[in-house]
Amino acid sequence: MPGPLKGLFLVVDDIQVARDQLIERGVEVEEIWHIEPGKGQVAGLDPQRRSYFSRATFADPDGNTWVLQEITERLPGRV
């Protein structure tokens, strides 16, 4: 049997609310960070709240690792 899965995505429309709800249920969720073009990973929410930029990670009881990602507007061609 293979080991835990890594890099699974949980897409949400409000990462702050989703993170708070997970924490309320006892999940240890890392701090929110965003990708800054040209700089990489930066602490905190994306200042412009752009879709796909803000993220946080957590693990489930089975050891699978998840990326919580905020998407409020899909890129063209994506459902």
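## Exercises on strands, rings and backbone angles

Phe58 has a relative accessibility of 10% and so counts as buried (buried is under 20% relative accessible area, exposed over 50%, partly exposed in between, with a 1.4 Å probe and protein chains only). The model is predicted, so local features need pLDDT of at least 70 and side-chain atom pairs pLDDT 80 or more, while totals for chains, interfaces and linings use all residues. Residues are numbered from 1 along each chain as its sequence is written, and side-chain values use heavy atoms, with hydrogens and water left out.

**Exercise 1.** Find how many aromatic pairs the whole structure holds, and describe what is found.

*Solution.*
- Step 1: Apply the criterion: rings of Phe, Tyr and Trp (its six-membered ring) pair if their centres lie within 6.5 Å; planes under 30 degrees apart count as stacked, over 60 as edge-to-face and the rest as tilted.
- Step 2: The search of the whole structure gives 1 aromatic pair. Its members are Phe58 and Trp66, with 6.2 Å from centre to centre and 5° between the planes, and the pair is stacked.
- Step 3: Compare accessibility. Phe58 is buried, whereas Trp66, at 23%, is partly exposed.

**Exercise 2.** Work out which strands pair with β5, and in which sense.

*Solution.*
- Step 1: Strands (E, at least two residues) and helices (H or I, at least four) are DSSP runs, numbered from the N terminus. Two strands pair if DSSP finds at least two bridges between them.
- Step 2: Strand β1 (residues 8-12) runs parallel to β5 (residues 65-70), and 5 bridges join them. Here Phe9 is opposite Val67 in β5.
- Step 3: β4 pairs with β5 in the antiparallel sense, over 5 bridges. Arg55 is opposite Gln69 in β5.
- Step 4: The hairpin of β4 and β5 has 5 residues between the strands, and Gly63 has a positive phi near 90° there.

**Exercise 3.** Locate Arg49 and Tyr52, and state whether each is buried or partly exposed.

*Solution.*
- Step 1: Arg49 is in the loop between β3 (40-43) and β4 (54-59). Tyr52 also lies in the loop between β3 and β4.
- Step 2: Neither is a glycine, yet phi is positive: near 55° for Arg49 and about 80° for Tyr52.
- Step 3: Arg49 is partly exposed at 31%; Tyr52 is buried at 16%.

**Exercise 4.** Identify the ring under the charged end of Arg50.

*Solution.*
- Step 1: A charge sits over a ring if NZ of Lys or CZ of Arg is within 6 Å of the ring centre and within 35 degrees of the ring normal.
- Step 2: The ring is that of Phe53, and the charged end of Arg50 is 4.0 Å from its centre.
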